[in-house]
Amino acid sequence: MKDRSITAVGTHMQSYYGRPVIKEPVWQPEIPFYFFVGGLAGASSVLHVGARLAGNERLARTSLFVGAAADLASPALLISDLGRPERFLNMFRVFKVTSPMSVGSWVLLLSGGASSTAAALELLGRMPRVKAAAEVVAGFFGPPLATYTGTLLADTAVPVWHEGRHELPWLFGASASASAGAAAALFTDVGSAGPARRLALAGAAGELGLMEAMKRRLGFVGEVYDQGVAGKLARASTLCTAAGSALLATGGRRSRAAAVAGGALVLAGGLALRWSVFRAGFQSARDPRYTVIPQRERKAARRGEPRPASGSS
Amino acid sequence: MSDFATLSDITGEPDGWPETYGEDAKPRMGFFTDTSICIGCKACEVACKEWNVVPEDGLVWTGDSYDNTSTLGANTWRHVAFVEQRKPLREDDRDDAIRWLMSSDVCKHCTHAACLDVCPTGALFRTEYGTVVVQEDVCNGCGYCVPACPFGVLDKRHLPRTEPSPDLLPIFGRKEDGRVWKCTLCYDRLKGGHEPACARACPTASIQFGEVDELRERADRRLEKLQAQGWNGAQLYGRDPDDGVGGFGAFFLLLDEPERYSLPPDPVVTTKFLPAMWRNTALAAAGVVAGGLLAFIGGRS
Amino acid sequence: MGSNMAENHPVGFQWVLEARERGAEVIHVDPRFTRTSAMATRWVQIRAGSDIAFLGGVINHILTNDLYFEEYVKHYTNAPVIIDERFQDTEDLDGLFSGWDPQKGEYDQTSWQYAGMEVHGAAGQRESGLKTKGEQSGHGGHGAGLRHGEPPEEDETLQHPHCVFQLLKKHYSRYTPEFVAETCGCSVEDFLRVADALARNSGRERTSAFCYAVGWTQHTVGVQYIRAAAVIQQLLGNMGRPGGGIVALRGHASIQGSTDIPTLYNILPGYLPMPHTEYYGDFDNFVQANISPTGWWGHFKSYWVSLMKAYFGTHATEENDWLFAQLPRIDDDNSAYWTTMQMLDGKVKGYILAGENPAVGNSNSKAHRLAFAKLDWLVVRDLVEVESAAFWYDSPEIESGELETEQIGTEVFFLPASAHTEKDGSFTNTQRLLQWHSQATEPKGDCRSDLWFYFHLGRMIKQKLAGSMERRDILIRALRWDYPTHGHVQEPDAEAILQEISGWDETSGEFLDGYPKLKDDGSTVCGCWIYCGVFKDGVNQAARKKPHWEQSYIAPEWAWAWPANRRVLYNRASADPDGKPWSERKKLVWWDAQERKWTGLDVPDFEETKPPDYVPPDGAKAEDAIAGDHPFIMQADGRSWLFVPQGLEDGPLPTHYEPHESPFDNPLYSQRSNPARQTFERPENAYAPVDGEPGAEVYPYVGTTYRLTEHHTAGGMTRTVPYLSELQPAMFVEVDPELAEREGLVHGGWATVYSPRAAIEARVLVTDRIKPLVVEGRKTHQIGLPYHWGTRGLTTGGSANDLIGLALDPNVHIMESKALSVGIRAGRRPRGEALPRFVAEMRKRAGQGT
Ligand SMILES: Nc1nc2c(c(=O)[nH]1)N[C@H]1C(S)=C(S)[C@@H](COP(=O)(O)OP(=O)(O)OC[C@H]3O[C@@H](n4cnc5c(=O)[nH]c(N)nc54)[C@H](O)[C@@H]3O)O[C@H]1N2
Ligand SMILES: Nc1nc2c(c(=O)[nH]1)N[C@H]1C(S)=C(S)[C@@H](COP(=O)(O)OP(=O)(O)OC[C@H]3O[C@@H](n4cnc5c(=O)[nH]c(N)nc54)[C@H](O)[C@@H]3O)O[C@H]1N2
Ligand code: SF4
Ligand code: SF4
Ligand code: SF4
Ligand code: SF4
Ligand code: SF4
Ligand SMILES: [Mo]
């Protein structure tokens with residue numbers, strides 16, 4: 001209250017009573033969950049195709065079912081966020097390349113439709129040719145499903161998201177691969193789960209590295225990843241992912257238990273990562289400094305003025 | 001015309017306007033809000049709500065000078081900011097003088113509108129007047145436009161739904177309206193040949209409605225005058241067609257830096273970088289494929 | 001000054017901004033920095049209640065530096081007139097003028113007269129000395145008459161020691177810039193800037209205007225505030241000229257109309273006096289007392305008789321003195337606050353509130369609520385059930401237990417009224433402009449217009465009394481009450497009533513085109529002589545709406561102004577004594593030598609063919625007694641009055657007096673406040689100790705009350721509207737950072753403000769816009785209190801008026817709600833019966849009885 005006092009406003013505040021300049025996102029918890037399952041689904045369909053080509057039937061089946069399950073969960077989550085099922089249909093009124101959400105919805109429709117068809121036919125053991133076609137379609141639209149969500153966030157005015165536009169799709173992609181690998185490793189006997197484990201490890205490594213790189217480049221805007229809920233989640237994510245991949249790397253080969261535990265941890269890490277990025281956006285939008293200061297500096301730089309003092313409240 | 005056509009070059013005319021309207025295209029209409037003659041009467045806020053049947057926004061006393069509506073949102077489409085300063089209004093004033101800035105904010109009807117670009121349903125569209133409007137019967141409440149707007153204009157309406165419509169799946173059905181709302185630049189009034197309600201109500205012509213080109217000239221003349229008279233901090237905001245959003249359809253004359261009024265100092269339409277972002281996304285997707293396949297090097301276990 | 005025009009007259013204020021844009025200097029003198037100050041080119045902060053010191057300083061500045069408009073002052077004002085040698089000034093009598101009667105507590109005004117004659121003020125002057133004539137001299141419309149036609153004794157050189165000009169000089173000689181700064185708390189520089197700006201911007205080529213409203217009127221010296229401005233405007237030659245004048249920014253949309261056709265107890269339409277018991281039956285005597293042989297009031301009888309014909313038609317005849325004997329009489333002060341006090345004593349049985357909410361809007365609103373509880377019946381006609389209608393179950397007194405619903409015997413009738421959008425009618429605005437408005441929508445449910453209510457009420461009463469032989473019922477039975485009605489609710493035709501107000505000739509049946517046509521033989525009918533002609537040619541002149549860009553800037557074809565559609569009163573003063581405009585730039589009306597008549601942009605406020613060099617013959621009557629170079633035709637002597645020889649209760653010249661409640665002493669005189677002010681010494685209306693008295697420190701701050709754009713007065717029309725309530729959703733107080741520091745007030749938190757009458761709570765708004773002031777060497781803090789809140793509606797809060805005691809201006813009985821003594825402390829107010837205990841506790845500390 002005190003620094004809200006008119007005197008204070010009249011004299012030192014650079015913002016309007018400390019109010020946010022942009023609006024916080026209005027998305028519900030369904031969204032970060034969707035980012036996670038969507039990513040899982042997308043990467044799983046790749047793993048599935050790979051396994052088919054490699055003739056690793058066990059792995060192929062699990063990743064197919066995992067992917068299909070995740071693909072079925074996704075629209076449910078989105079519909080729940082919209083609040084009313086019929087509203088989801090409006091997503092398909094148009095196709096707009098300027099709207100990552102529009103593009104994403106179509107991608108989800110195709111890859112989801114395909115992978116679930118494939119899974120169904122797999123279970124029924126019918127129409128092999130159709131199934132094969134479906135698998136290819138799913139394999140093709142899976143990867144963008146895993147990465148577009150990063151761009152969806154980047155294509156907003158939220159500083160920590162917009163400025164993270166270079167890393168976000170890669171980060172989500174890597175994390176998605178990690179999750180897909182981990183999930184598959186979780187449900188497949190160690191004997192057939194080698195590729196899954198390797199994918200999980202590679203993904204996890206990418207996830208950890210990219211997150212660090214993004215925070216570095218974001219500089220002061222990125223500090224939200226060390227603060228509040230977003231900070232806690234980020235630390236949790238790093239811990240789980242690191243621990244999980246360590247387990248998979250060491251014990252995952254021999255012990256099913258280690259594989260299960262490691263897989264679960266890597267999955268948890270991936271989920272926490274989505275949540276961390278999600279919450280970071282809210283924190284970044286709420287504090288006008290993140291919006292105002294970089295823009296002021298940009299303006300000053302353009303005018304060739306000296307950097308104005310930042311850190312105002 | 002490809003959607004990317006102007007994204008790479010975001011100055012000039014709004015995307016797809018006026019050509020998509022052909023015959024029916026009208027001159028681009030907008031506002032010049034001259035805050036140097038705003039008396040803070042809030043008639044604009046009230047007139048907007050009366051005409052557009054916008055619901056009450058809560059009875060919250062903020063203590064932020066005389067501003068108790070605080071910000072633009074789903075239920076406030078015109079918002080008058082009040083800033084009290086220990087600073088003389090003009091250079092020739094006594095230096096211990098104080099001033100009280102008042103400014104009526106509104107949707108900027110950007111030349112390149114992020115909200116419109118990112119809207120997945122096409123609910124947000126560009127009218128024949130070059131303005132940006134939400135179609136309430138199309139908006140599905142996806143909320144994407146809310147964080148996309150560089151000015152925090154749009155917001156979701158969390159009040160109970162008005163028109164009764166059965167839920168297909170009751171388990172999911174939320175009872176709130178859930179759609180986004182914002183200034184329509186009184187699309188309905190414009191169609192009827194009337195000026196917007198807020199401009200009509202403004203007693204001091206602080207809100208000036210008209211053709212954007214003409215308003216820009218008026219604004220330039222006004223700025224010259226005020227600067228000649230030594231008004232502290234007089235500056236145009238959003239008048240410039242080659243700023244980050246290609247200029248505003250509704251722009252302002254301010255008496256201090258934009259952030260003092262809760263406005264971003266250097267807004268940029270987020271989709272400005274979208275082409276690059278898409279390329280990046282595709283590469284990342286390829287990365288996922290690569291990763292997924294490389295994982296099979298080294299056998300089953 | 002004394003107006004917050006941007007906030008309270010925002011639509012009119014656009015023209016002030018227009019002027020600013022064209023280079024006009026806009027000065028705002030106010031205790032607070034308001035939305036008006038924000039738009040002004042200069043803001044000067046002064047202590048509430050110190051304006052006469054400021055304006056007196058301007059007068060002294062003008063006189064000592066010879067900045068006055070000499071030709072104007074010499075010819076058009078009473079500056080040269082010599083005053084009775086018995087007159088003594090406040091400078092001689094330490095704050096009193098000659099004629100003060102301590103017993104009666106009022107002035108005998110005879111020693112203020114022009115030497116050698118009795119000047120005769122407004123109509124009704126014989127009643128001087130009786131508290132009944134306030135508004136009779138209060139609201140425009142009329143002037144004074146000389147007993148006999150000779151011009152007064154004058155000294156053209158302005159040197160005579162007892163001429164008005166010299167008296168003026170002497171009276172204000174001590175109002176130096178330093179005195180102003182000391183008393184008002186502004187700086188000498190700021191004061192001089194304003195004084196110079198005014199002088200610089202007056203004369204032949206330029207004019208300045210004062211805009212005031214209730215920041216000036218609501219003081220125990222309210223009328224004298226405006227008088228002080230009048231003196232300045234006369235000295236600078238700013239009256240009767242375009243861009244000049246003293247602009248009263250009036251209140252409710254037709255508050256001007258409600259004094260022209262009054263809702264007041266002591267005048268009849270057109271400021272005709274309500275007869276007093278001392279004229280029982282004696283019509284000629286009454287006319288003689290009120291007619292003034294010179295000036296337009298010379299036709300008093302015609303105005304009166306035409307009004308009686310409007311009231312009683314054929315029943316009013318020469319033979320029965322136009323029913324004069326039957327008219328009700330007044331015998332005492334019957335003004336609103338006085339009546340409330342009678343109510344408290346149980347002397348008033350029934351009360352009708354139509355469009356008023358005293359439980360919030362009137363000062364000492366608590367006393368009003370207590371008074372209502374003593375009535376047998378109360379009728380409230382309002383749009384919504386306002387506090388005044390709900391006091392018996394929803395009020396601070398019910399919460400505190402001072403009133404108990406079960407114990408209240410008052411029977412309350414709430415009658416829903418329809419709003420202006422739901423009926424035809426006219427508003428008379430600040431500029432005396434009658435503007436017609438048409439019904440936009442049908443009233444909902446049982447809502448009915450006031451016209452409907454009074455017409456049908458009258459109709460029914462007439463029916464009931466049709467057979468009555470009682471003497472007191474004669475007038476009711478004689479009333480003309482035959483207005484046409486229409487619609488299923490039988491709404492009376494508003495235009496028919498406007499026609500009656502405008503008047504017609506009984507013999508020819510023609511509508512009258514102006515008050516000069518009125519006759520005293522009963523052949524003309526006119527409901528309000530100053531409105532005569534508003535239905536000229538059978539056309540509703542008030543309904544004309546020709547836009548200003550289609551006519552001259554005077555816009556004579558927009559609506560209709562009284563009198564005679566004249567937009568600038570006394571506009572003959574816009575020309576020099578020879579009838580030529582003072583300057584091309586400022587020409588308005590002038591004498592056309594060829595045509596031998598007055599002409600110009602506005603309707604000349606002068607007899608059309610009376611040449612500038614006209615000299616009245618001996619014994620001339622009425623307007624014929626006014627010379628061709630005397631523009632102020634409503635005054636008996638045709639001059640404007642720098643010095644008011646008669647008609648004011650509290651002195652011929654404005655003098656600085658402290659408010660009734662003030663933490664400061666009068667630096668000029670031991671007579672600290674207006675001696676003639678009206679007070680009510682009673683427990684419900686306790687006053688705070690003033691400077692020097694023990695206990696003053698308990699109420700150490702200057703409180704002042706005002707409005708916000710977002711709400712209207714007592715709030716019935718705005719606190720019930722969501723779109724307005726959300727804009728100002730809580731009662732708050734404005735305090736400066738130092739005071740907040742000192743009293744531990746937290747911005748955004750709560751504070752309790754208390755006076756000897758009550759305590760209320762409010763949110764705290766700490767702001768630089770109400771800086772502390774240094775007055776008489778002492779730092780003082782002012783506390784700003786909006787007065788819109790009450791217990792009902794969407795947003796509720798403490799009523800500032802609970803805090804205010806009743807001390808009134810003696811001329812118009814208006815309360816001093818702009819300056820009072822209060823205390824403040826952090827936190828919310830005590831609840832329940834702890835509230836009155838807290839107030840009593842504070843009074844004990846101030847050494848006042850429990
Ligand atoms: N929005 C709105 N408009 C209104 C009304 C409303 O309630 N709301 N009410 C209408 C009515 S009924 C009326 S009468 C008018 C009143 O119009 P105003 O007179 O303008 O109303 P106030 O705000 O009561 O007082 C005006 C100013 O007087 C200042 N003041 C207080 N004491 C003093 C003093 O001693 N000297 C000087 N120089 N200034 C002083 C106050 O700080 C305030 O800024 O407004 C009319 N218009
Ligand atoms: N402390 C303090 N007190 C003040 C003042 C101040 O400055 N300070 N100002 C004083 C002044 S200037 C004024 S004018 C008073 C105002 O005080 P009030 O007149 O008591 O207050 P309002 O709220 O204007 O009351 C008008 C009522 O009329 C109702 N109404 C509106 N239209 C109609 C209609 O057509 N017919 C009927 N029957 N009712 C209608 C409205 O609903 C409203 O309740 O307050 C005075 N009190
Ligand atoms: S201001 Fe925001 S809401 Fe308005 S057009 Fe621009 S981006 Fe859209
Ligand atoms: S919330 Fe409505 S308007 Fe906004 S992007 Fe989604 S669909 Fe379009
Ligand atoms: S243009 Fe219309 S919708 Fe927009 S703010 Fe003004 S009144 Fe409201
Ligand atoms: S209506 Fe005009 S003057 Fe009043 S607040 Fe709005 S912009 Fe300002
Ligand atoms: S409320 Fe009516 S009278 Fe008052 S300022 Fe507005 S328009 Fe004028
Ligand atoms: Mo008023």
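Predicted model: local features only at pLDDT ≥ 70, side-chain atom pairs only at ≥ 80, totals over all residues.
Begin by selecting chain B on its own, where the secondary structure comes to 7 helices and 10 strands, and where the C-alpha atoms fill a box of roughly 85 × 45 × 45 Å along the principal axes. Of the 301 residues in chain B, 65% count as buried, while the chain exposes about 10700 Å², of which carbon and sulfur atoms supply 56%. If you colour chain B by charge, you will find 32 positive and 45 negative side chains, with the centres of the two sets lying 3 Å apart.

Staying in chain B, select Trp17(B) and Pro18(B), which are joined by a cis peptide bond with an omega of about 5°; Pro18(B) has its place in the segment before β1 (29–34). Most peptide bonds are trans. Next, select Ser65(B), which lies in the loop between α1 (43–52) and β2 (78–85) and has a positive phi, near 50°, although the residue is not a glycine. Is Ser65(B) buried or exposed? Ser65(B) counts as buried because its relative accessible area is 2%, and the cut-off for buried is under 20%.

Now show chain A beside chain B, and select the residues where the two chains are in contact, which number 92 from chain B and 89 from chain A. Together the two chains bury about 7300 Å², with 57% of that area on carbon and sulfur atoms.

Leaving aside residues up to four places away in sequence, Ala272(A) touches Leu233(A) and Ser237(A). Val158(A), by contrast, is 114 residues from Ala272(A) along the chain, and the C-alpha atoms of these two residues are separated by 20 Å.

The last stop is chain C, where Trp562(C) and Pro563(C) are joined by a cis peptide bond with an omega of about -10°, and where Pro563(C) lies in the loop between β20 (560–561) and β21 (589–592). Finally, select Trp322(C), a residue in the loop between α15 (300–312) and α16 (336–344), which has a positive phi of about 55° without being a glycine and counts as buried at 2% relative accessibility.

Methods: Residues numbered from 1 in each chain as written. Chains lettered and ligands numbered in written order. Heavy atoms only, no water. Helix = DSSP H or I, 4+ residues; strand = E, 2+ residues; numbered from the N terminus. Buried < 20%, exposed > 50% of the residue type's maximum accessible area, 1.4 Å probe, protein only. Areas by Shrake-Rupley, 256 points an atom, 1.4 Å probe, with all protein chains shown as cover. Lys, Arg positive; Asp, Glu negative; His and termini not counted. Charge placed at Lys NZ, Arg CZ, Asp CG, Glu CD. Contact = heavy atoms within 4.5 Å. Buried area = accessible area lost by both parts, 1.4 Å probe.
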